[in-house]
Structures are given as C-alpha cells and as structure tokens.
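User: I would like to go through this model step by step, from the overall fold down to single residues. Please show the sequence and structure before we start.

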Amino acid sequence: MSQQPATVIQEASRATLVVAETDVLVVGGGPAGVCAAIAAARSGARVVLTERYPHLGGLASGGQVIVLDDMADLHEKTVGGLSDEIVDRLDALGGAVYPPVEDRFVSSEAAWARWGRWGLQDNYARTKPKTITYDVAFDPDALKFAALEMVH
C-alpha cells in the first residue's frame, strides 16, 4: 500500500516544502555524481540528481579540465563500466581523442609525437618521453550532452 508523501517539514524558522521523495539523492552532477545517479537508477532506485550549475559534468566540463585521466595503471586499462559508455558516447559525437590499443603503455618518440599534446601520458612514469596511457581528451560540451542523455 502506497502512502502519500509528506508535503511539508516544519522547521524552527521556516516551513520547507517537500518536492519529491526518493530512494537515492545524489548531490552534485560531476562525473562521480552522474555515474552514481545512473547506476542507482539502472538498479531500480528512484533517484534525484541535484546540481547547482545549469549543466552536468562538474569541473570536467564546466571547468574545462578536458582529460579523463588515471583510467589505467602502467600496463593496462583499469577503469570501465559507465566510463566506457561515456567515452563511447563522446566518440560517437566526435568529442573524444584517445590512443588506439597499439599506442597505449608505450614510451616512444613516435607515440609521444601523436598523443603527448593531448595530455594522454602517465605523469608518474619515469620515462623520457612520458609513457602514453589510456586517458581520454574530450570536448567539454560533448560531455555535457552525453551526461544529459545518459541521465534521461
């Protein structure tokens, strides 16, 4: 039997209108918040995602960080799932740049010439040139669009 949601919470100095009841409240629409909201919704939860800015993606999009990094260790891609889906959507929009498999986890002048300018290197590698890894440079507006599509 379904109960009617409360409509008002009485506080000492004001009455606050309750606009929704939810299983999961995600505060912040950056990459982690977007992924948390999508995962919860796909698991069947009723989700409310809140964001103070008029777009999703947080600093990755609005702050124009423009590289999804640290998605690999020195030898292999270590992050997948929703991040792969985001990269696939960015790629479909023409908004993603990342090295193909044959250029990942190598330290060569040729790989550096192709990918170093995009910031796709392992900053902790002690190689010269830096080792190219699996990172993704992206268009910030493409990320906003992809994230918005995914939460609908």
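User: How many helices and strands does the secondary structure of the protein come to?

Analyst: This is a predicted model, in which local features need pLDDT of at least 70, side-chain atom pairs count only at pLDDT 80 or more, and totals for chains, interfaces and linings use all residues. Residues are numbered from 1 along each chain as its sequence is written, and side-chain values use heavy atoms, with hydrogens and water left out. Helices (H or I, at least four residues) and strands (E, at least two) are DSSP runs, numbered from the N terminus. From that end the elements run β-β-β-α-β-α-β-α-β-α-β-α, and the total is five helices and seven strands.

User: Why is the protein described as more spread out than a compact globule?

Analyst: The C-alpha trace spans about 65 × 35 × 30 Å along its principal axes. The globule rule (2.2 Å times the number of residues to the power 0.38, with the radius of gyration taken over C-alpha atoms) is the reference. For 152 residues the rule gives 15 Å, and the protein is more spread out than a compact globule because its radius of gyration is well over that, at 20 Å.

User: How are the buried residues of α3 arranged around the helix axis?

Analyst: The buried residues of α3 are Leu82, Ser83, Ile86, Val87 and Leu90. Seen down the axis, they fall within an arc of 140° (taken from the directions from the helix axis to the C-beta atoms). The face turned away from this buried side carries the exposed residues Asp88 and Ala92. The buried residues of α3 therefore line one face of the helix.

User: Which residue in β7 does Ala96 stand opposite?

Analyst: Two bridges join β6 to β7, and these strands run antiparallel. Contact means heavy atoms within 4.5 Å, and Ala96 is among the residues that Phe138 contacts beyond its neighbours within four places in sequence, including also Leu68, Leu90 and Leu143. The residue opposite Ala96 in β7 is Phe138.

User: What is the bridge partner of Val27 in β4?

Analyst: Strands β3 (residues 24–27) and β4 (residues 47–50) run parallel and are joined by four bridges. Together with α1, they make a right-handed β-α-β unit; right-handed means that, with the strands pointing away from the viewer, the path from the first strand over the helix to the second runs clockwise. Val27 has as its partner Thr50.

User: Is Asp103 buried or exposed?

Analyst: Asp103 lies in the loop between β6 (96–97) and α4 (109–115). Not counting residues up to four places away in sequence, Asp103 touches Ala111, Arg114, Trp115 and Ile132. With a relative accessible area of 9%, Asp103 is buried.

Terms used. Buried means under 20% relative accessible area, exposed over 50%, partly exposed in between (1.4 Å probe, protein chains only). Two strands pair if DSSP finds at least two bridges between them.
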